[in-house]
Structure formats: C-alpha cells, structure tokens
Amino acid sequence: MRRRHTTLAAAAVLACLAAACSDSDPPAERAEGARRAAPPPGDVAPPRPFVAPPGFPLPFSTSVPGALRVETLREGAGDGVRFVSYAGGERRDSAFVYLYVHPPSTPEAAAREIVRTAAERVRVPGDRTELDPVHRRPWAVVEYRIRSRGTVRPGVAGWVALGRKGDRWFHLIVQHPVGMESAFVPRAERLLSTWRWADGSGLASTAAPPRS
C-alpha cells in the first residue's frame with residue numbers, strides 16, 4: 001500500500017552488503033553470520049543484493065530475501081523504496097518494508113508529525129489503529145508500534161520509526177497482516193540487518209539525536 005506525503009521531498013539510496021564471517025571469527029560470531037546468511041524459512045529463491053538507483057540522497061544497500069520484490073516510488077515531492085512480499089508468488093500489498101527520505105529542509109517537528117500521521121494510517125480501511133510509543137531501536141528518534149483491529153477483515157501490525165542520517169531525516173515502515181508474523185518478520189529483519197549506508201555503517205549504528 002502506497003503512502004503519499006505531499007510535504008516531503010527527496011529520497012533514499014540503497015547499496016547492498018552480505019555479511020560473512022572469516023575463520024578467525026569466534027564461534028558465536030560465525031554462528032550469527034551463518035544465521036543471517038541463511039534465507040528465512042519458506043524462501044526458495046536466494047537473497048539478492050540491492051543498490052539504490054543513482055540520485056538518491058541517502059545511498060544504501062541491502063540483501064533482499066527471495067520472497068520480497070523491490071519497487072522504487074515517486075511519493076509527492078520525494079522518493080521512496082518499498083520491499084513488498086511475494087511469498088508463494090502471491091503479492092501481498094499489506095506486507096512490506098518502506099523507506100522514505102525527507103527533503104533536506106524538513107524541520108524535526110515536521111518530520112515527527114509526518115511519522116505519527118504515517119503510523120495512524122497503517123491500517124485496513126475501517127479498522128481502528130492502536131499506536132504504542134516504544135524505544136526498541138537505538139537509531140530511532142521516535143518510534144511507534146502499530147496494530148489495527150477490525151471486525152470484518154484481518155488487521156495489520158508492525159512499526160514506524162523516524163531516524164536521521166547526516167543532515168537528512170528518514171523513516172521506515174514495517175507492516176504485515178496480523179497472523180503473518182512468522183512468515184514476514186524474519187525477512188524484514190534480514191533486510192534490515194544487512195542494511196549498509198554509503199559510508200559502510202549499518203542501520204543499527206545510525207546515531208540518533210536526543211529524544212524529546
């Protein structure tokens with residue numbers, strides 16, 4: 001499901017890394033490297049490296065699990081990249097990882113409001129969305145765990161988080177249908193764990209400004 005934020009402009013670039021452990025690594029690190037290198041259960045196709053198209057203001061790369069497909073989007077005045085679930089060859093628009101990079105002139109207050117609005121819109125039409133502010137990701141300036149509840153169709157769950165890299169604000173949305181956690185979350189976590197910015201740092205090492 002595509003989100004439009006007309007007050008945003010600019011974008012994100014992706015460049016991909018596959019983490020490998022050498023023979024000199026401790027056993028625990030080798031085991032962790034093997035775990036990340038292995039495709040999530042249910043993925044037949046091997047993971048693919050993805051590098052963002054030229055011109056993205058925040059170049060990065062990642063390894064895309066076989067059950068996800070990449071879409072680059074023009075969203076209002078900015079750009080986005082979405083990784084959509086195609087598990088079993090079936091497209092699931094409500095299961096995706098989405099990156100949006102805010103325009104360089106976006107103030108923090110506006111970025112926070114945009115992220116809260118994005119979180120409130122993560123739902124199946126007609127459902128009620130529950131927002132739970134959390135602090136699970138060290139790079140996030142503000143983060144919401146989200147869950148929509150409905151009576152007619154299955155709801156969706158996930159999280160939305162705002163971060164900053166250099167002088168640019170960005171946010172990530174991870175969303176999936178309720179009941180699809182075991183199939184989708186491992187793929188999303190693999191994509192995020194192999195994320196690398198252009199300077200070689202990972203998403204987890206992105207320094208967050210003080211929370212207020």
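About 150 Å³ of space lies in the second largest pocket of this structure, which is a predicted model. The largest pocket has a volume of about 200 Å³.

- The lining of the second largest pocket includes the arginines Arg136, Arg137 and Arg145. Among its other lining residues are Ile146, Ala157, Gly158, Trp159, Val174 and His176, together with Val185, Ala188 and Glu189.
- Strands β9 (142-149), β10 and β11 and helix α3 each give two or more residues to this lining.
- Sorted by class, the lining of the second largest pocket holds six nonpolar, two polar and four charged residues.

**The largest pocket**

- The largest pocket, at about 200 Å³, is lined by 13 residues, and those closest to its centre are Glu189, Leu192, Ser193, Leu203 and Ala204.
- Helix α3 (181-193) and strand β12 (195-197) each supply at least two residues of the lining of the largest pocket. The most comes from α3, with three residues.
- Seven residues of the lining of the largest pocket are nonpolar, two are polar and four are charged.

- Strand β11 spans residues 168-177, and ten of its ten residues are buried, so the strand is largely enclosed by the rest of the structure.
- Arg168, Phe170, Leu172, Val174 and His176 point one way from β11, while Trp169, His171, Ile173, Gln175 and Pro177 point the other way; all are buried.
- One partner of β11 is strand β7 (residues 92-101), and the two pair in the antiparallel sense over six bridges. Here valine 97 stands opposite valine 174 of β11.
- Another partner is strand β10 (residues 156-165), which runs antiparallel to β11 and is joined to it by ten bridges.
- Two residues separate β10 and β11, which form a hairpin; in the turn, glycine 166 has a positive phi of about 65 degrees.

- Strand β4 covers residues 60-64, and five of its five residues are buried, so β4 is largely enclosed by the rest of the structure.
- Both faces of β4 are covered, with Phe60, Thr62 and Val64 buried on one side and Ser61 and Ser63 buried on the other.
- Strand β3 (residues 48-51) runs antiparallel to β4 and is joined to it by four bridges. Phenylalanine 50 has threonine 62 in β4 as its bridge partner.
- β4 also pairs with β12, in the antiparallel sense and over two bridges. Phenylalanine 60 has tryptophan 197 in β12 as its bridge partner.

- Helix α2 (residues 108-120) has 13 residues and reaches 18 Å from its first C-alpha to its last, close to the 18 Å expected at 1.5 Å a residue.
- Ala111, Arg112, Ile114, Val115, Ala118 and Ala119 are the buried residues of α2. They cover an arc of only 160 degrees around the axis, so they lie on the same side of α2.
- Arginine 190 lies in helix α3. Its relative accessible area is 7%, and buried means under 20%, so arginine 190 counts as buried.
- Arginine 190 and serine 63 are 127 residues apart along the chain, yet their C-alpha atoms are separated by 7.6 Å. Ser63 is one of the buried residues of β4.

Technical notes. Residues numbered from 1 in each chain as written. Predicted model: local features only at pLDDT ≥ 70, side-chain atom pairs only at ≥ 80, totals over all residues. Heavy atoms only, no water. Buried < 20%, exposed > 50% of the residue type's maximum accessible area, 1.4 Å probe, protein only. Pairing = 2+ DSSP bridges. 1 Å grid on protein atoms, 1.4 Å probe; cavity = no way out; pocket = protein on both sides within 12 Å on 5 of 7 lines; lining within 4 Å. Points joined across faces, edges and corners; volume = space filled by probe spheres on them. Nonpolar A, V, L, I, M, F, W, Y, C, P; charged D, E, K, R; others polar. Expected span 1.5 Å × (residues − 1). Arc of directions from axis to C-beta.
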